[in-house]
2 protein chains.
Amino acid sequence: MEYKRVGVLGGGQLGRMLAQSASLLTIPISILDVGHSPAKHVVHPSTSAHIDGRFSDPEKILELARQVDVLTVEIEHVDVAALERAQKETGVSVHPAPSTIRTIQDKFLQKQHLISHGIPVAESVAVDSNEEALRAQCTRFGLPLMLKSRTLAYDGRGNFVLRSAEQASEALQALKDRPLYAERWAPFTKEIAVMVVRSRSGQVLSYPAVETVHKENVCHLVFAPLRSADPAIAERARKVAEDAVRTFEGAGVFGVEMFLMPDGSILVNEIAPRPHNSGHYTIESCHTSQYTNHLLAILGLPLGSPALKVPSAAMLNILGVSASFTPIAELVNVALTVQGATVHLYGKAESRKGRKMGHITIVGSSDAEVRSRLRPLLAALPPDPQNSTYVPPEQTPGFSSPHPLVGIIMGSDSDLPTMLPAARVLDQFGVPYELTIVSAHRTTERMTLYAKGAASRGLRAVIAGAGGAAHLPGMVAAMTPLPVIGVPVRGSALDGVDSMWSIVQMPRGVPVATVAINNSTNAALLAIRIIGAGMPSLLQKMEKYMQDMEAEVMGKAAKLEEVGWEKYEVKKH
Amino acid sequence: MEYKRVGVLGGGQLGRMLAQSASLLTIPISILDVGHSPAKHVVHPSTSAHIDGRFSDPEKILELARQVDVLTVEIEHVDVAALERAQKETGVSVHPAPSTIRTIQDKFLQKQHLISHGIPVAESVAVDSNEEALRAQCTRFGLPLMLKSRTLAYDGRGNFVLRSAEQASEALQALKDRPLYAERWAPFTKEIAVMVVRSRSGQVLSYPAVETVHKENVCHLVFAPLRSADPAIAERARKVAEDAVRTFEGAGVFGVEMFLMPDGSILVNEIAPRPHNSGHYTIESCHTSQYTNHLLAILGLPLGSPALKVPSAAMLNILGVSASFTPIAELVNVALTVQGATVHLYGKAESRKGRKMGHITIVGSSDAEVRSRLRPLLAALPPDPQNSTYVPPEQTPGFSSPHPLVGIIMGSDSDLPTMLPAARVLDQFGVPYELTIVSAHRTTERMTLYAKGAASRGLRAVIAGAGGAAHLPGMVAAMTPLPVIGVPVRGSALDGVDSMWSIVQMPRGVPVATVAINNSTNAALLAIRIIGAGMPSLLQKMEKYMQDMEAEVMGKAAKLEEVGWEKYEVKKH
């Protein structure tokens, strides 16, 4: 197997993970960076000669270009003219295109480029680096005002939030003499991201939309896939990201960071022309990682599938706390005890506060499981009240789980006593659920929103109880692709037979899984069997439950033999 | 982060994959092997000094021992005395224990050791290396007789199957002058394997049981997890493997190869004291790969979870066809187009017929999906009629899939017309299924076996149709943890109401998901929703189906408006 040789400008963690992926296919790779940088650790120099030097040094770039077939970058802050010269003098392919890197590395040029291609972004305008211009801009865009350095900005360095026009001088000092631009404040509800891969022939594939959580402007957590009550948002985010990447030249992976706005619209925040922190999770969670796909793309090989192969994943950055490695070691030691956690350390020689030293990917069979696995990791970090927003405590008895797999709904609060046994069974099995009132006839809009958003919020089954002309289960089933379990609730007349026929006799096309009248216990057991069909550990719990039932009846039979039927007392449930 | 340094005897593919895993945690690793072997490619020598030499050379072993904290092996054919000397002279930890390697590297000693610890193995006896002794043994054990070299045997080298006593001289020539032993022939139905990891403190965890397929004595395919109509077999295999590994000293991963016998019993065939070909699939398919767990075990760190994180996986070895790399490149080029496939190439400098050059892991959301992804890969190999046994063609209309997710059963062939629409819907959605007759009242034993084996065979839902005193759905539900969907079939009297109540009014503890009378269409749609709850691509298909239904009705409404209701013709289904 002889693949073309890849040269990478930059030998940090992104270069390292590229090199690790390259080793799977024996793609030869050469790293340009100063000294024995992390990416060089995982490649024997006899396989690929590395170059010792700054990735911004035109001579070193030329030297690298001469020994490889394809040049790529792990950072966009490179000398584009040097790349172009190397391309011209050596004939090396450069991916993504130098023109793309030039546009992207100047954030204001990037914004203008996106605007000119109809990609939604926050309104932006270049501003002069003086107090008067800044104050005037505060008046035009209102407060707070996002002020950004056009160049050499990453991980929030180069951003300044003006909360009053008085901060103009402070802002200028913080951002030094760099060229600036101002952005109209985007009061987003969530930060989201999509990794997009573009082949040399222009094919564009996107990874699932994810939620990103930043802390002091640095990526802290990533959750995949994005959950949302509006089922259209995840696809809309992918479309915006794909459209944005289509406007650039050259192959490779692009990280598209976006804002989700309160009205459900999406704004592109910024784009990275390379693998990205928000895509680390893909190594353990997707069919093809962002790193492998970047290599496949720039080498002109077929792109791999970006689909998730696990139901849920999260990524936690391991950031330096100080010069000491002890806090990192402590976090890693916890991670090694967490099922589904995979630790990546980057081999950096020194730790600094805020420096990216590694990351931990956590995968699981549900969002709730992933969060519960994340909890001990966050507990090992310095306390942060924000953490409980993203990883709330376990379900409290009597209150809905923030990451439910089952929704229990009922047409009326009078159905609650009938439906409570379902909640008890789910508690017993440790299956996260929510419980609420949704009436088909009295809250039709609520029912529609509930049904349409059930799958995209991460539910896997809905249990709906209703009595009389019981329409709730069938109407919900008509608006969700999820399995809906109907519990006919016995009313004051007809012994529940009315509810039964109303629920079970659904027309062809829309099924409701109907259980016995008033038997919400069986509804919950059915929901567990449904979820268990894709979760072997839950099926095992169901087998145990069935064995326990058998043992209970066997015990009663023994008791009956022992005391005789004249003395046997039948216990009521 | 400062981990202890690991030294590995042997720098082939197993050492390479150990080194790749070590790089995730920045565990320093040094490889002892001749020249620039595959494992050395992925480790920069400044991170870990490699040693150039034979892993059987006592002086080189000593040199390696002096520079590392823990010594391990990627092959059991090492000089145990040299390991013991290195342990004594340098104080290095050796895992697994040299005594373990000594016992295992002599296959007959290994067998005797297992027998003495009550582990089930094929009856074995040492035989002298002469024709007379062999012929006598043929008489004692019967034919065919498995003759094995006690030492230096792997990948079937060192095995000879005597089909007649006349082959004695041929066998002696083939096996040269090595010490031999004979095994009573084990007429197994399947070859299976379990990877077991043992910590330094003696904790033992096992990976899922897998099916292995050998071709000319070399591992060809691995399927995970093992499917079987007997739900006890997979757990039994893990228990036998764990028990076997508990009899050995020292930490690390052990590959336990076993025979599944026609009566469901299990015999240990042989044990490898190291990561094993049958565990390659764990890299992409399990929470913690066999390589990471081997490192964690020998370093005394907490073991990772061996659980599968995907529903189904397979592994295909890439074997050399000749000295040419072209056939390998052709296979890899196909693999790059297959969703869920991950290619591992080992970077071996030369190809030879039968040499392990790499492997491909395929993961998917079901066995059927994994097999369909495997099909183009096998088609890219030299033709082999055996392949269709393991990867049969897609489902033929009218016949059951070999890897069904849904079982459609009915109490009587007279129910077939009622149940056929379910089959049509599953066809339409591309969900693999089986269809057969199982009667609760006339074939109780068949029903019991069917229900008890449904989950372990890989089914995720059962659709059961029955009429009158309809017991089939409820009885099956009582014997499987899977969701069971009941279709009340209308009989000659009572309009199906009898069937309905018989199916839906199940007692607390055993739910049946009941659909409308005769509505097997909805039963299939419900099965798809159930499976789709853990398979997002299937939920998308269901959403599309629901949109199509809506469009169909909208079209009818438009037609009604267009032609008027006097002329509108209602089409029968």
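Reader: How much space lies in the largest cavity?
Author: About 60 Å³ of space lies in the largest cavity of this predicted model.

Reader: And how many cavities of 30 Å³ or more are there?
Author: The count comes to five cavities of 30 Å³ or more.

Reader: Which residues line the largest one?
Author: From chain A, the lining takes Arg460(A), Ile530(A), Ile531(A), Ala533(A) and Gly534(A). From chain B, it takes Arg460(B), Ile530(B), Ile531(B), Ala533(B) and Gly534(B).

Reader: Which helices supply at least two residues of that lining?
Author: Helix H19 (520-532) of chain A and helix H19 (520-532) of chain B each supply at least two residues.

Reader: What is the lining of the largest cavity like by class?
Author: It has six nonpolar, two polar and two charged residues.

Reader: Turning to the two chains, what rotation superposes chain B on chain A?
Author: A rotation of 180° does so, with 0.0 Å of shift along its axis and an RMSD of 0.1 Å. That is the relation of a two-fold axis. The same surface serves both copies, since 100% of the contact residues of chain B recur in chain A.

Reader: How many residues are in contact there?
Author: On chain B, 85 residues are in contact with 85 residues of chain A.

Reader: What area do the chains bury between them?
Author: Chain B and chain A bury about 6900 Å² between them, and 63% of that is on carbon and sulfur atoms.

Reader: A change of topic: what joins His95(A) and Pro96(A)?
Author: A cis peptide bond joins them, with omega at about -5°. Pro96(A) is placed in the loop between strand S5 (93-94) and helix H5 (98-105) of chain A. A cis peptide bond also joins Leu143(A) and Pro144(A), where omega is about -10°. The loop that holds Pro144(A) runs between helix H7 (131-141) and strand S7 (145-149) of chain A.

Reader: What about the phi of Asn518(A), positive or negative?
Author: Asn518(A) has a positive phi of about 65°, although it is not a glycine. Most residues other than glycine have a negative phi, and most peptide bonds are trans.

Reader: Where is Asn518(A) found?
Author: Asn518(A) sits in the loop between strand S23 (513-514) and H19 of chain A.

Key. Residues are numbered from 1 along each chain as its sequence is written. Chains are lettered from A and ligands numbered from 1 in the order in which they are written. This is a predicted model: local features need pLDDT of at least 70, side-chain atom pairs count only at pLDDT 80 or more; totals for chains, interfaces and linings use all residues. Side-chain values use heavy atoms; hydrogens and water are left out. On a 1 Å grid over the protein atoms alone, a cavity is a set of points where a 1.4 Å probe fits but cannot get out, and a pocket is an open set with protein on both sides within 12 Å along at least five of seven lines; lining residues have an atom within 4 Å of a point. Grid points are joined across faces, edges and corners, and a volume is the space filled by probe spheres set on the points. Helices (H or I, at least four residues) and strands (E, at least two) are DSSP runs, numbered from the N terminus. Ala, Val, Leu, Ile, Met, Phe, Trp, Tyr, Cys and Pro count as nonpolar, Asp, Glu, Lys and Arg as charged, and the others, Gly among them, as polar. Copies are superposed by least squares on the C-alpha atoms of residues with pLDDT of at least 70 in both. Contact means heavy atoms within 4.5 Å. Buried area is the accessible area (1.4 Å probe) that two parts lose on being put together, summed over both.
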